[in-house]
Amino acid sequence: METYVIVRRNGWRTAADLGEAAERSTAEGERMPDDVRWIRSYVLAEPDGTVGTVCIYQASSPEAIREHASRADLPVDEIVKVADTVIVRPDPVAETV
């Protein structure tokens, strides 16, 4: 398994739409455990008011990512293989109010 970044620009109209997509993605990922593993996503506030994501996956190949996306009805604008990881600080944790 290699690590990949998947860019999904303007993929959803609302955060609720993204939530439904996340459920589909999780279900399809469970059907492909040897080929695709979703690590995390960063949700993007797009300038036009839609929602996009930058997702971190481990996968057997870019083709496996595309197959997973097709099955889960997810957009894929770009797939980039990660060469290395540099961690300066851990991901921030959202504050709960």
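The legends below describe close-up views of a predicted model.

In this predicted model, local features are reported where pLDDT is at least 70 and side-chain atom pairs count only at pLDDT 80 or more, whereas totals for chains, interfaces and linings use all residues. Residues are numbered from 1 along each chain as its sequence is written, and side-chain values use heavy atoms, with hydrogens and water left out.

**View 1. Strand β1 and its two antiparallel partners, β3 and β4.**
Helices (H or I, at least four residues) and strands (E, at least two) are DSSP runs numbered from the N terminus, and two strands pair if DSSP finds at least two bridges between them. Strand β1 pairs with β3 (residues 51-59) in the antiparallel sense over 8 bridges, and 4 bridges join β1 to β4 (residues 78-81), again antiparallel. Y4 takes part in both pairings, standing opposite Y57 in β3 and having K81 as its bridge partner in β4.

**View 2. The aromatic pair of W38 and Y57.**
Rings of Phe, Tyr and Trp (its six-membered ring) pair if their centres lie within 6.5 Å, and planes under 30 degrees apart count as stacked, over 60 as edge-to-face and the rest as tilted. By this rule the model has 1 aromatic pair. The ring centres of W38 and Y57 are 6.4 Å apart and their planes are at 15°, so the pair is stacked. Because W38 lies in strand β2 and Y57 in strand β3, the pair ties together parts that are 19 residues apart in sequence. With a 1.4 Å probe and protein chains only, buried means under 20% relative accessible area, exposed over 50%, and partly exposed in between; W38 is partly exposed at 35%, whereas Y57 is buried at 1%.

**View 3. The largest nonpolar core, with 10 residues.**
A nonpolar core is a set of buried Ala, Val, Leu, Ile, Met, Phe, Trp, Tyr and Cys residues joined through side-chain atoms within 4.5 Å. The members of the largest one are Y4, I6, M32, V36, C55, Y57, A59, A64, I65 and I79. Two or more residues of this core come from each of β1, β3 and α2 (62-72), and β3 gives the largest share, 3 residues.

**View 4. The largest pocket and its lining.**
A pocket is an open set of points on a 1 Å grid over the protein atoms alone, where a 1.4 Å probe fits, with protein on both sides within 12 Å along at least five of seven lines, and lining residues have an atom within 4 Å of a point. The largest pocket holds about 300 Å³ of space, the volume being that filled by probe spheres set on the points. Its lining consists of T3, V5, R40, Y42, I56, V82, D84, T85, V86, I87, R89 and D91, which divide into 6 nonpolar, 2 polar and 4 charged residues. At least two lining residues are supplied by each of β1 (2-12) and β2 (36-45).

**View 5. Positive phi values at N10 and D73.**
Most residues other than glycine have a negative phi. N10, in strand β1, has a positive phi near 50° and is partly exposed, with a relative accessible area of 39%. D73, in the loop between α2 and β4, has a positive phi of about 55° and counts as exposed at 58% relative accessibility.

**View 6. A45 in strand β2.**
A45 counts as exposed at 76% relative accessibility. The C-alpha atoms of A45 and T14 are 9.9 Å apart in space, while these residues are 31 residues apart in sequence.

Note on methods
Nonpolar A, V, L, I, M, F, W, Y, C, P; charged D, E, K, R; others polar.
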